[in-house]
Amino acid sequence: MPLYNNSFSIEFSDFLLNCFVRSPNWQCWLSLPLSLLFLLAMGANVTLVITIWLEASLHEPMYYLLSLLSLLDIVLCLTVIPKVLAIFWFDLRPISFSACFIQMFIMNNFLSMESCTFLTMAYDRYVAICKPLRYPSIITDQFVAKAVVFILTRNTLLTAPIPILSARLHYCEKNVIENCLCANLSVSKLSCDNVALNRIYQLSVAWTLLGSDLILIFISYGFILRAVLRLKTKGAAAKALSTCGSHFILILFFSTILLVFVFTHMAKKKVSPEIPVLLNVLHHVIPAALNPIVYGVRTQEIKQGIWKLLKRNG
């Protein structure tokens with residue numbers, strides 16, 4: 001709803017999300033697969049968390065990290081996808097200022113926390129394969145607790161200024177966000193103020209957090225690959241490569257789709273404006289749907305835990 005101040009400029013009390021409004025065919029074709037991906041992501045992650053919580057044999061550091069990853073995926077999905085589907089099905093485009101900036105905070109914070117969790121899990125695999133005898137003394141419950149505190153503190157402190165800087169801006173004349181969600185770059189460009197600080201801070205934080213995590217993940221898996229290739233037992237080497245390879249591919253997918261989104265956003269004059277919007281939406285649901293399958297269901301102990309719970313409640 002527009003409000004008028006004394007200088008006759010217009011201020012708005014909410015934003016409107018232009019989610020493929022100019023391409024109704026996109027809404028039609030995306031609504032069903034997006035709904036299925038959302039249900040898969042929620043069902044798989046909730047199942048994984050409940051299994052780890054209830055099955056005593058899974059109360060180990062590696063599975064605590066898996067449950068943390070699932071919780072992050074659940075929050076990210078619930079923050080973004082229901083609103084997108086509400087726009088597709090009921091044309092509920094308005095979003096209040098407070099809801100928009102809360103969504104912005106959660107997206108920036110939880111995506112960077114997920115990246116940091118991937119790094120912690122890569123370190124867990126590095127110790128398990130490269131220093132197996134020292135694994136029980138290094139990867140302990142205390143290690144996981146410290147890692148969780150670090151993940152929460154680092155990412156919250158560094159990403160909190162992003163929505164705060166955007167919320168302090170003065171918005172007038174335009175309130176239509178050309179996106180399906182409240183991405184900082186899409187929101188801040190509606191402001192009448194200078195948004196250079198917002199853009200510089202977000203890009204520098206994103207490249208610092210995600211870039212440093214990705215570099216350390218590459219280093220960890222490099223050491224893992226070297227250690228695996230030195231294994232004399234062919235079966236053990238194949239199993240380690242299969243497990244860590246699938247993990248690494250998923251991390252690459254998580255990082256690649258984010259980088260493609262950034263570059264397409266920067267080169268928006270050369271690509272369809274709908275492409276970065278689509279990538280932004282998919283980035284919040286596809287990794288969430290794949291993570292519990294690659295990390296959880298493919299793990300024998302997780303599968304056994306799920307079967308035990310089914311038999312117990314069957």
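Asp91 turns up in the loop between H2 and S4, where helices (H or I, at least four residues) and strands (E, at least two) are DSSP runs numbered from the N terminus. Asp91 is not a glycine, and yet it has a positive phi of about 55 degrees. The model is a predicted one, so local features need pLDDT of at least 70, side-chain atom pairs count only at pLDDT 80 or more, and totals for chains, interfaces and linings use all residues. Residues are numbered from 1 along each chain as its sequence is written, and side-chain values use heavy atoms, with hydrogens and water left out.

As for the protein overall, it holds 12 helices and five strands. Out of its 314 residues, 50% count as buried, meaning under 20% relative accessible area, with over 50% called exposed and anything in between partly exposed (1.4 Å probe, protein chains only). Taking contacts (heavy atoms within 4.5 Å) with a separation of 6 or more, 78% are between residues 24 or more positions apart.

Next come the strands. Three of them make an open sheet with mixed pairing, in the order S4-S3-S5; two strands pair if DSSP finds at least two bridges between them. At the edges sit strand S4 (94-96) and strand S5 (176-177), each pairing on one side only. Strand S3 (residues 14-17) runs antiparallel to S4, and three bridges join the two. Phe15, for its part, has Ile95 in S4 as its bridge partner. Lying across S3, S4 and S5 is helix H3 (residues 97-130), which runs at about 80 degrees to S4. Axes here are lines fitted to C-alpha atoms, for helices over the stretch in contact, and angles run from 0 to 180 degrees between N-to-C directions.

Two packed helices are described by the angle between their axes and the distance between the axes. For helix H1 (residues 24-54) and helix H2 (residues 61-90), the axes come within 9 Å and cross at roughly 155 degrees. That makes H1 roughly antiparallel to H2, a label for angles over 145 degrees, with under 35 counting as roughly parallel, 65 to 115 as roughly perpendicular and the rest as oblique.

Finally, there is Phe254, a residue of helix H9 (residues 234-266). Phe254 is buried, its relative accessible area being 3%. Setting aside neighbours within four places in sequence, Phe254 touches Leu111, Glu114, Ser115, Phe118, His283 and Pro287. Ile286 is 32 residues from Phe254 along the chain, and their C-alpha atoms are separated by 8.8 Å.
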